[in-house]
Amino acid sequence: MAQSSVAETITQAPPRRLLAGKKRVLASAFAGTTIEWYDFYLYGTAAALIFNVQFFPSDSELGSSLAAFASLAVGFFARPLGGIIAGHLGDRVGRKALLVVSLLSMGIASTLIGLVPNFEAIGWWAAAALVVLRIVQGLSAGAEWGGSALLSVEHAPPRKRGLFGSFTQIGSAAGMLLATSAFFAVQRLLTPEQFEAFGWRIPFLASALLVALGLWIRLGVSDAPEFQELKASGNVAKAPLRDVLTKHPRVLLVTIGLRLAQNSVFYLITVYMLSYLAENRNDSTAGVAAVMIASAIGLFTGPLWGWVSDKVGRRRVTIGGIIGVAVFGWIFFAFLDAGPLAFLPIVVILGMNLAHDAIYGPQAAWFAEQFPIEIRYSGVNMGYQLGTVIGGGIMPMVAALLYVFGGHSPWLICGYLTLLCLLSLIAALAAKDPARELAISDPAHD
C-alpha cells in the first residue's frame, strides 16, 4: 500500500472506530505490561522472601541473599539484549509482532519457574534452571516496554502523549500490585511451612491464565498510522541500532541517565526493603502490604503525572520527582530502622507515588520524543534497558553490600542513591522537552 493510501484509509475511518481502536491500544498497553511485570516482579519478591532458602542455601545468610539477588540481577543484564533484538525487528517489522512474542515467552518462563524442583531435590541444577528461566524473563522484558510504550504514544494526539504513555507505565504498578497481592494472599492463607513447601509456586503457575487474557487483547491492535506510513514508504532504517549509536549517542546517554534515580528507588522499596525488614525488624509481611497499597495508588498517580507533564512539560515534573527521591532515601532508611511499621504504607506512598511516579509517569512519552520514528524502538529500548541495569538491576545486591561495608548502617546506600539522582538530574536538564514547547505555544488548547 502506498503512503498516500495508508493516510487516506486512516482519515476515512469512522470517528467511532478510531476511538474504539485507541481504547483497544490503551487496554493492550495496560494489560500486556501488567502481565509482563507481574511475572517479572514475582521473581523479585520471591528472591527477597524464599529463593535464598529454596535454591541458594549456604552457611551464610548474607551469602544466600546475595546469590538470590544476583540471580535477580541476571534478568536485568539480559534485558538490553532483548531490547536490542526487539528494537531492530520492531523498527523494521512493527511493534505489535514483537509484543506478542514477548508476552508468550515471559508467560512460559514464569510458569516453568513455578515447576522447577528446589535445591534439596536436584542440587545446583535447580539454581541453574532458575537462572536460565530468569534470563528468558529478562529477554522478554527487554522487548516489552519499548514496543508497548511506542504503541500507546504513537497512537496519541500530540498534546496527550504523556497521558497515553502512562498506560504503559501503570502496567508496572498493576503488575507489582498483582505480584505482591499474590504473595500476600498465599502467605496469609497458608502456614509458613506450607508457603515454603509449595505455596510460593502458586503465583508463578497462575501466570499461564493471565497470558491467555493478555494475548486476546493484544492480538486485536495494529501498529500506529505514523509507523504504517513509514513502513509503506520504504524508509525504515536498515541498521537502527547502529544509527542510534553513531548518530544519536548523546540522546542515548540522556535516556540512560533518566532511568537511574527512578529505577533505583523502585527496587530499593519493592525488593531490598523486604529483606531489610526481615533481617532488622523480623517482619516479612509489612513491606509486602505497603508495596501493595502504593502499587494500587500508582494506578491513579501514574496517569496523573503523565497528564500534568502534558500541561507543564516533562522536565519540570521529572526534576521534582528526582529531588524527591534524593531526599526520600535518607528519610526512608531512618524510618525502616526505628519507625513504627504501622505507618510504613504512608512512607512508601511518599516515595513511590509522589517522587517515583512523577519521574515514571511521563517517561514513556519523554523517551519516545527523544528519537526519530525510524530508530525509535531501538533508541528507547537501549536507553531504558541499560538504565534499568545500572539503576535498578544491581541495586538490591549493591545495597546489601553497601550495608555491610557501612558497618551495618544504611548511610552508604543513601549516598549511592543521591549520586544516582544527581546523574538523573543532569540528564533531565539535557533532554529536549517538546511537551513544554507545545504548552507554551498554546496553553489554552486541550
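Where does histidine 408 lie? Histidine 408 sits in the loop between helix 20 (395–405) and helix 21 (411–430), helices being DSSP runs of H or I with at least four residues, numbered from the N terminus. The model is predicted, with local features needing pLDDT of at least 70 and side-chain atom pairs counting only at pLDDT 80 or more, while totals for chains, interfaces and linings use all residues. Residues are numbered from 1 along each chain as its sequence is written, and side-chain values use heavy atoms, leaving out hydrogens and water.

Though not a glycine, histidine 408 has a positive phi of about 55°. Asparagine 282, not a glycine either, also has a positive phi of about 55°, and is found in the loop between helix 14 and helix 15 (286–312). With 71% relative accessibility, asparagine 282 counts as exposed (over 50% relative accessible area; buried is under 20% and partly exposed is in between, with a 1.4 Å probe and protein chains only).

Arginine 95, by contrast, is buried, at a relative accessible area of 0%. Its place is in helix 5 (residues 95–113). The C-alpha atoms of arginine 95 and aspartate 223 are 6.2 Å apart, although 128 residues separate the two along the chain. Leaving aside residues up to four places away in sequence, arginine 95 touches several others, among them Glu154, Asp223, Arg376 and Tyr377 (contact means heavy atoms within 4.5 Å).

Turning to helix packing, helix 14 (residues 249–280) and helix 16 (residues 314–338) pack at an angle of about 20°, their axes 10 Å apart (axes are lines fitted to C-alpha atoms over the stretch in contact, and angles run from 0 to 180 degrees between N-to-C directions). The two helices are therefore roughly parallel, a term for angles under 35 degrees.

Technical notes:
Parallel < 35°, antiparallel > 145°, perpendicular 65-115°, else oblique.
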